[in-house]
Each structure stands twice: as structure tokens, then as C-alpha cells.
Amino acid sequence: MDSIQAGKNNLKIPVMMGLVLAAVKIICSTIQFNYLLEDFRASYIIFFISLGLGFIIIAWSGFLQKKSLGEDAILKHVFRGIFLTILIGIFLAYTFEQVWMYADSSIAERIHTGQISYLKSYPNSAAQLEKIEKQYTVAKNAPFSFVNFFTGLMVDIVRYSILGFIFALAISRKKQVQ
């Protein structure tokens, strides 16, 4: 019975940190969707802020997991905590973004407008502008698909999980005693 309770306590930190990760990414997405879509540079800045804060939260989750486990912390346990944080946080944030984009059809138009105004500032951007017009036309006419939704979600989870595994390796490393 003690091992079951210990297992539940080990999940407390990743669940909490996953919710924190989702909240941070949702706040950044809300700022981006409401204010920064037409300004492509500012949109990228908020994207990188969201990404950086996500990395910090994921690493912090691993450190807290290792601290709670103490000397018993091995790679498997630390990565399990980090992966659960990633799974919860990315699932909630990605779902929020997709629902908002599906509900607000003006987002695609505003992103497209921002991309065009950004590219117009560069010399010889005609080929890129043509490519963006084609992509926009295809994306505008594409219906919602659960396959595309889950594919995008899995790509995000795999990307973050690779980073999470690297963090888990670094965090779970034992210091050598001389």
C-alpha cells in the first residue's frame, strides 16, 4: 500500500507543473492572438518567450521531481515526471489554441496579413509572397480534421519530449564522489 501512495505523491508535482505549463502557454497564446498577429516580429517574440518559459517549467519540474524522490531519483523517474508535465501542459495548450483558431476564423487572415507585411520589407520577396499566398489558399479551404489535430499535437509532444529527455539525463546524473 505504501508504494501506491508513494506513486501518487510522485505524480503530484508533474500534474501541478503541467497545469502551470498550460497556463503560461495559454496566456502567451492569448496575448499573441489578441494583439500580435499582424506584427510578425512581435508574434515571434511572444512565441520564443512562450517556448523559453516552457523549457524553464519543464526543467523545473524535473528538478522538483528529483528533489522529491531524493537519492531514489533515476532517469526513469525523472523523465516520467517531465513527460507527464509535457503531456498535460502541451495537450491543454494545444487544444486551447486549436479551438480558438477554429472558433475565430479571422486568425488565419490576420496571420496572413502579418506575414505579407513582414515579407514586403525584404527585397526580392516576390517568390516568398507567392508561396505564402498558395499556402494561405490551401489552409483557408481545408476543413477541420481530427487526424491533423492529433498529428500536430503528437509532433509538439515529441519535440518537447526529446528536450525533456535531455533535461532528465542532465538532472538524474549522479555526482561522482572522490
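Modeller: A right-handed crossing carries H3 past H6 (right-handed if the near helix is turned clockwise from the far one by less than a right angle, left-handed if anticlockwise; helices are DSSP runs of H or I, at least four residues, numbered from the N terminus). The model is a predicted one, in which local features need pLDDT of at least 70 and side-chain atom pairs pLDDT 80 or more, whereas totals for chains, interfaces and linings use all residues. Residues are numbered from 1 along each chain as its sequence is written, and side-chain values use heavy atoms, without hydrogens or water.

The axes of H3 and H6 lie 8 Å apart, at an angle of about 150 degrees (axes are fitted to C-alpha atoms over the stretch in contact, with angles from 0 to 180 degrees between N-to-C directions). H3 is therefore roughly antiparallel to H6 (over 145 degrees; under 35 is roughly parallel, 65 to 115 roughly perpendicular, the rest oblique). Their contact has 19 nonpolar, 7 polar and 1 charged residues (Ala, Val, Leu, Ile, Met, Phe, Trp, Tyr, Cys and Pro are nonpolar; Asp, Glu, Lys and Arg charged; the others, Gly among them, polar).

H3 also meets H2: their axes come within 9 Å and cross at roughly 140 degrees, so H2 is oblique to H3. The crossing of H2 and H3 is right-handed as well.

H2 has 30 residues and should span 44 Å at 1.5 Å a residue, which agrees with the 43 Å between its end C-alpha atoms (the expected span is 1.5 Å times one less than the number of residues). After H2 comes Gly-70, with a positive phi near 70 degrees.

H2 also gives 8 residues to the lining of the largest pocket, the largest share. Of the 43 residues in that lining, Phe-33, Glu-97, Gln-98, Met-101 and Ile-111 lie nearest the pocket centre (on a 1 Å grid over the protein atoms alone, a pocket is an open set of points where a 1.4 Å probe fits, with protein on both sides within 12 Å along at least five of seven lines; lining residues have an atom within 4 Å of a point). Among the elements giving two or more residues to this lining are H3 (75-103) and H6 (146-172). By class, the lining has 25 nonpolar, 11 polar and 7 charged residues.
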